[in-house]
Amino acid sequence: MAKNYTTPTVITGKNTYCNGCGHSIVIKTICQLLDEMNLQEKCVIVHGVGCCTMLGLNGIVKLSTMHFSHGKTMAAATGVARCIDDGVLVIGYHGDGDAYNIGFSETFNAGYRNENVVDIVINNSLYGMTGGQMSHTTLIGEWTENTPEGRDPEVTGYPLRFPEMVKNALPHAFLARGGVFNPTEVRKTKALLKHAFERQLSRDGYSLVEILSMCPTNAHKTPLEVRQWVEDEMGAYYKLGVIQEGASRGLIENF
């Protein structure tokens, strides 16, 4: 039975995220898995610009981390995965703006090439560190700094459900969506991440786990209010669970 760690060994104790932010929950969950799977020294996390940078640059974790410019997370993770030894877990960690706006091409093409990486995308429906602007995942009617009257799909298009959009083009990919807005969903998300880690270590190729997260600062809500908003509003549009299991490398050769 897996141990129930209160503080994973690879966490330093520092937390520079805003109160109620979902990043700290995701990072703790990742680190619990690394402890349980004995991957503390066999993991490289590539992260982009934005709130994700605090994972590595602010010393929250004692892991091998690499920081790259906005939108280039999966391009960099591809390079790491192609150069590193088997048995090392390569994780891309970035937000929805990095993954789906500025880095859409890099994210999609890493999946298209079936790169052997785990892509973790934190979806909080906006650009967090830059001040709360609209991203591709902003909901219809949602207020942001540059949609003061709410997002209008006639002007900006509809919120992007990336895993659903690409699943037919990426039959080999494991695609899933979790959440960290309550303890039950955190446990489910941990199981999704573990499965993605196991697939990568077995060299089954690309996995993407999108995680619905909270940004109380830019949502202008209390931590409790934003937690409920993510569950009720984002959860209604972005369905949770496994979206596509993905074929193994052996099966995809005959696709």
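The model is predicted, with local features needing pLDDT of at least 70 and side-chain atom pairs counting only at pLDDT 80 or more, while totals for chains, interfaces and linings use all residues. Residues are numbered from 1 along each chain as its sequence is written, and side-chain values use heavy atoms, with hydrogens and water left out.

Begin by selecting Asn38, which lies in the loop between helix 1 (23-36) and strand 1 (43-47); helices (H or I, at least four residues) and strands (E, at least two) are DSSP runs, numbered from the N terminus. Most residues other than glycine have a negative phi. Asn38 is not a glycine, yet its phi is positive, at about 55°. Asn38 is also exposed, with a relative accessible area of 54%, where exposed means over 50%, buried under 20% and partly exposed in between (1.4 Å probe, protein chains only).

Next, select His220, in the loop between helix 9 (216-219) and helix 10 (223-237). His220, again not a glycine, has a positive phi of about 55°, and His220 is exposed, with a relative accessible area of 54%.

Now move along to helix 10, which bends by about 30° at Val230, the bend being the angle between axes fitted to the seven residues ending there and the seven starting there. Colour Val226, Trp229, Val230, Met234 and Gly235, which are buried in helix 10. Finally, show strand 4 (118-123), strand 6 (207-212) and helix 9, which are among what covers these buried residues, with contact meaning heavy atoms within 4.5 Å.
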